[in-house]
Amino acid sequence: MPKMIQLLTAILLLVLSFVANAQDLTASVDRNELAINETFTLTLRYSGSQSGGQPDFNLLEQDFEVLSRQQSNQYRVFNGRAESFVEWTVVLAPLKEGKLFVPSLHLHGQVSDAIPITVNKAGESPSGNSRQAFLEVELDKDKLFVQEQLLVKVRLYTTVGLHDIATDPLQIPGAHVEKVDEQRYERRIQGVGHAVYELTYAVFPESSGELQIPALNYVAVTGRRDPFSLFNRNAQRIRLRSEAKTVKVEPKPDSYSGSHWLPAASLGLVQSWSKDPEEFKVGEPITRIITLRAEGLRAAQLPPLPTLNIEGLKVYPDQAQKEDQAGANGITGTRIETTAIVATKPGQYQLPPITITWWDSKNGQQRATQLPAFRFNVSGAPILDSSTPGTSTPVTPERPSATEVKPGFWQKLAIAAIASHFLWVIYFFYSKRNKNMEAPTRVIRKTKNHGDEEKLIKLINTGSPQEIQVALRQWVDRRWPDTGTTSLESAANRLNIGELSDAIQILNDATYKTPAKPLNRQQLQLLAGRLLHLRDEDRPASNTLPGLFNG
């Protein structure tokens with residue numbers, strides 16, 4: 001009898017053990033050792049009878065980043081025995097190096113086993129030589145000066161198809177960072193072809209010391225995307241992590257003597273004029289445009305140019321234009337300063353040279369770029385009142401004389417002649433107006449400006465952008481002489497004509513942009529045709545902005 005009890009007890013324990021095993025929550029990983037920039041897959045299976053619910057996966061986030069998680073319910077028959085289970089597939093990326101553990105997870109009273117994981121440095125895992133994807137970070141210099149441009153290139157190499165690539169933006173405390181280029185190409189490494197996805201950042205450190213380039217995380221999906229399938233069974237979500245870098249930032253050299261610290265790869269000054277300075281006349285405005293361009297500097301770093309203060313010249317500077325052009329070599333900053341100059345008396349003038357001192361970051365030495373002095377002659381009669389146009393000088397009125405003057409015979413005769421002439425003019429004006437009432441105003445204007453129109457059309461077909469600008473300026477001056485401004489931009493703003501603004505933009509892009517845009521002559525011809533046939537009654541109301549010479 002005792003033996004029978006022992007046998008029944010053993011059978012019961014075996015059954016209970018089988019039931020417990022049937023409800024086990026099991027966990028497994030595809031590998032236990034990997035690099036910090038690699039991922040692994042955790043598979044969690046629950047085969048119990050209770051349904052619903054899921055483990056607390058937040059426990060994984062202490063040492064790992066959860067890249068993806070999928071759940072599947074499966075039912076199958078094996079050797080005549082049916083079984084069903086719920087399975088979770090979780091892709092994890094380690095957050096730090098060293099000995100880590102996938103923690104135990106709980107579901108319906110069941111507990112999975114903890115799994116040890118060894119995380120090595122990037123590239124030190126056993127599979128490091130045969131990695132399908134990896135990151136590379138390259139700096140164009142190992143040390144630089146404060147505010148100098150540093151190029152950071154981050155390259156993603158892969159031998160398998162990747163899609164849905166996502167990356168953290170490069171952010172560096174104490175530095176200005178801009179993404180300037182993005183390229184895709186192929187490169188062979190040890191005879192194996194790799195597709196390369198390259199991002200280039202321009203970094204400008206704001207203080208000296210050590211600049212830390214942090215590690216970047218890339219997340220992508222391997223395999224070819226199947227647009228006809230809701231689930232890509234063969235796809236795998238991977239995470240890559242780049243190495244952190246450190247670069248030394250030195251302060252401005254003590255030997256540098258410039259008034260502004262400008263560490264650049266190259267720096268240039270260019271001067272141009274709205275018309276030929278040899279035709280400079282008293283009272284007629286002429287526009288001087290100076291372009292300061294620096295490779296490896298942002299436009300915000302470029303200093304303002306010195307102002308002119310020459311007796312006999314009135315200057316009216318416009319607001320400076322700033323522009324950054326990004327490319328594979330980083331940022332090229334441009335500052336354009338436009339100044340209207342009006343001479344108040346004739347003579348010979350000389351504009352002083354403009355010198356910009358800068359630091360040559362390629363050769364590590366101080367340089368100076370100079371715009372030479374410029375001489376020109378001004379013709380015409382001097383302006384007696386050389387005060388600012390648009391302002392008036394107060395004059396003390398003289399006290400009128402109290403002597404009474406009686407008109408003589410000849411004075412009376414002259415008054416009568418003037419009165420009769422005035423009446424004749426009024427009669428002639430009204431009779432002429434009645435005869436020509438049907439003549440359109442635009443025909444008279446066209447006859448008046450016929451020469452300017454022909455010159456403008458001819459230059460649009462064959463002339464340079466600068467010649468077209470001068471011809472357009474002359475035509476606008478004669479067509480609307482009351483604009484009272486010195487530049488085409490101001491005239492277009494006051495006249496509020498869209499075709500004129502569009503034409504000026506095309507000419508400016510072809511003249512001042514670096515590199516210059518090709519001149520769109522066909523578009524200019526279309527705009528010029530609309531301008532030449534524009535009537536005053538068709539023109540929108542003018543802007544009420546003050547002119548250059550208004551007080």
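**Salt bridges and a pocket**

Author: Glu284 forms a salt bridge with Lys275, the closest N and O atoms being 3.5 Å apart, where a salt bridge is a side-chain nitrogen of Lys or Arg within 4 Å of a carboxyl oxygen of Asp or Glu. This is a predicted model, in which local features need pLDDT of at least 70 and side-chain atom pairs count only at pLDDT 80 or more, while totals for chains, interfaces and linings use all residues. Residues are numbered from 1 along each chain as its sequence is written, and side-chain values use heavy atoms, with hydrogens and water left out.

Reader: Okay, and is Glu284 buried, partly exposed or exposed?

Author: Glu284 is partly exposed, at 33% relative accessible area, and Lys275 is also counted as partly exposed, at 24%. Buried stands for under 20% relative accessible area, exposed for over 50%, and partly exposed for what lies in between, using a 1.4 Å probe and protein chains only.

Reader: How many salt bridges are there by this rule?

Author: The count comes to 15 salt bridges. One of them pairs Glu136 with Arg155, with the closest N and O atoms 2.8 Å apart. Glu136 lies in strand 10 (residues 133-139) and Arg155 in strand 12, so this pair ties together parts that are 19 residues apart in sequence; strands here are DSSP runs (E, at least two residues), numbered from the N terminus.

Reader: And what does Glu198 pair with?

Author: Glu198 meets Lys153 in a salt bridge at 3.9 Å, N to O. Because Glu198 sits in strand 15 (residues 192-205) and Lys153 in strand 12, the pair ties together parts that are 45 residues apart in sequence. Both Glu198 and Lys153 are buried.

Reader: Switching topic, what's the volume of the second largest pocket?

Author: Its volume is about 410 Å³, a volume being the space filled by probe spheres set on grid points joined across faces, edges and corners. A pocket, on a 1 Å grid over the protein atoms alone, is an open set of points where a 1.4 Å probe fits, with protein on both sides within 12 Å along at least five of seven lines, and lining residues have an atom within 4 Å of a point.

Reader: What lines the second largest pocket?

Author: The second largest pocket is lined by 22 residues, with Asp140, Lys141, Glu148, Gln149 and Ser361 nearest its centre. Strand 11 gives the largest share of this lining, three residues.

Notes
Helix = DSSP H or I, 4+ residues; strand = E, 2+ residues; numbered from the N terminus.
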